[in-house]
Amino acid sequence: MPILEVQNLSKTYRQMGGETTLAIGDISCKVEPGEFVSFVGPSGCGKTTLLMSIAGLIAPSTGKIIVHGKEVSGPPANLILVFQEFNKSLFAWRSVLGNVRFGLEARGNHSRESANKARSLIELVGLKGFENHYPWELSGGMQQRVAIARALAYEPELLLMDEPFGSLDALTRLELEDTLLKLWEELGTTILFITHDIEEAIYLSDRIWLLSRRPSQIVEELAIDFARPRDQITTRAEARFMGIRNRIYQRINSEGAP
Amino acid sequence: MRESRFNGVLFLIGLLLVWELVAQAELINPLIVPPLSRILRIFAELFWSGHIPLQILASMKRALLGYFLAAAVFIPLGISMGLSQTVYRLFEVVVEMLRPVPPPVMIPVALLFFGLEDEMKIFVIFFSCAWPILLNALDGARNVDRVLLNTARTFGLPQRKIIWNVILPASSPQIMTGLKVSLPIMLILVVISEMVGSTDGIGYFILDSQRRFRIAQMYAGMFALAILGYTLNQVFSLLYKLVMPWHVALMRLRDGS
Ligand SMILES: Nc1ncnc2c1ncn2[C@@H]1O[C@H](COP(=O)(O)OP(=O)(O)OP(=O)(O)O)[C@@H](O)[C@H]1O
Ligand SMILES: [Mg+2]
């Protein structure tokens with residue numbers, strides 16, 4: 001049974017003046033448990049809208065979203081969304097440790113061991129030594145690590161990530177990509193990832209869905225079968241990697257999208 | 001920073017010296033402006049005899065009761081108004097009608113209801129502290145970032161826990177602003193209400209001294225009031241640092257130090 005099923009989703013925003021924006025045209029897809037899948041699409045095509053709908057935070061205009069066999073009508077259990085504006089999603093009044101513990105507390109785990117578990121997650125994302133810092137004392141890359149550790153502390157079966165590395169520098173980005181893959185392989189979480197970096201999507205995913213401009217629909221599905229664990233140098237150097245990348249570029253250009 | 005503070009103290013000492021000299025030289029009627037040294041002596045006497053501390057105690061009992069009562073009622077109300085459009089619409093008109101009323105106007109009304117009792121002063125203080133506390137709590141709750149709220153929701157928190165664990169801490173800096181602004185208002189209103197109708201309290205003490213023409217004693221009362229106001233502010237700052245160390249540090253970071 002798929003962990004997530006999106007059936008003919010569309011979303012129209014109504015503005016105050018009465019104008020409407022058709023953000024999502026018609027999207028259908030299925031995600032199997034344990035998969036790492038990505039959506040790639042141009043800016044403003046409705047990627048955030050799609051994730052917010054799946055997370056039960058906004059209501060779709062038409063269509064259905066089914067998580068774990070149940071139709072979504074509010075935030076589903078066992079699902080966490082890591083927001084595009086991750087810096088705004090951290091609790092300024094909690095330390096790094098406190099933020100990560102929040103993920104456990106939300107599960108009802110207030111125990112003493114929860115602190116140890118949070119500490120080991122903080123170490124896994126490479127923030128050892130910063131447990132008692134406040135998030136606003138950290139760099140963007142470090143804040144994103146906190147947001148990821150907090151999400152993983154909740155042990156979600158489905159993790160939605162909205163351009164999590166979009167605002168980070170290239171080096172931090174590569175490093176966090178590998179951290180994420182390692183955690184995903186260890187924890188067996190299903191990840192639905194959004195990016196507008198084509199190579200990032202190829203490097204990370206089992207499957208990629210290409211989105212058109214607004215009103216968005218899926219224009220192509222690609223299966224990516226590079227061996228895992230992947231490696232930033234060897235995987236990206238494979239001839240097929242370039243082939244897939246070029247194909248996606250061509251496809252996007254023929255769609256008229258940037 | 002340290003230097004400007006030091007200069008400020010020097011300036012204050014200079015002012016007090018001028019006072020002392022003017023009074024000693026009897027440039028102004030000494031009955032109206034007694035020498036500072038005499039005022040301080042009387043203040044010390046009244047302080048050690050326990051007379052002034054008793055008056056201050058009487059005032060603070062009323063003031064803090066009104067203040068905390070206002071906090072207990074208007075912080076929750078403000079948060080509810082900030083979160084729910086329905087609650088906001090229900091109270092908006094009443095609040096907008098009452099808010100511009102200058103608080104001393106409530107004294108005659110309160111006299112009708114409560115006479116010269118403590119309840120009269122407590123009510124007036126409660127009324128005057130209500131608005132800054134309410135409006136700041138309302139604004140704070142309303143402006144909690146959507147991303148923060150959505151984060152709490154994606155983690156499956158029920159509304160009750162979202163309010164307690166996210167909205168309250170996120171708006172706490174602004175709630176504290178409301179409480180801070182209300183502190184001097186509280187002091188002003190306790191003094192005024194004691195001057196209008198009371199048989200004790202620091203406001204009564206100052207007016208009564210003036211009526212009996214014990215002018216040095218009147219100034220001693222004012223002196224006590226100044227110290228009280230200063231102390232209240234210091235205590236508030238201390239509590240602020242204890243309750244919200246994160247915000248103190250965040251502000252320091254924003255100020256670039
Ligand atoms: N609350 C809203 N009200 C009205 N229109 C909205 C709202 N949110 C998004 N939109 C519009 O819907 C479209 C899709 O927005 P969305 O944020 O989902 O795009 P996105 O693909 O995530 O873009 P980006 O890559 O820049 O993050 C945009 O044209 C946007 O202007
Ligand atoms: Mg977006």
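The following questions and answers concern a predicted model, in which local features need pLDDT of at least 70 and side-chain atom pairs pLDDT 80 or more, while totals for chains, interfaces and linings use all residues. Side-chain values use heavy atoms, without hydrogens or water; residues are numbered from 1 along each chain as its sequence is written, with chains lettered from A and ligands numbered from 1 in the order in which they are written.

Me: Which residues are the protein donors of the magnesium ion (ligand 2)?
Reply: Donors are N, O and S atoms within 2.8 Å of the metal (3.2 Å for Na, K and Ca); water is not among the atoms, so the site may look incomplete. The protein donor atoms, OG1 and OE1, lie 1.9 to 2.3 Å from the ion. They belong to T48(A) and Q84(A).

Me: How many residues apart are T48(A) and Q84(A)?
Reply: T48(A) sits in helix α1 (residues 47–54) of chain A. Q84(A) lies in the loop between β6 (79–82) and α2 (86–89) of chain A. Helices (H or I, at least four residues) and strands (E, at least two) are DSSP runs, numbered from the N terminus. The pair links distant parts of the chain, 36 residues apart.

Me: Is E177(A) buried or exposed?
Reply: Buried means under 20% relative accessible area, exposed over 50%, and partly exposed in between (1.4 Å probe, protein chains only). E177(A) is found in helix α6 (residues 170–187) of chain A. Because its relative accessible area is 1%, E177(A) is buried.
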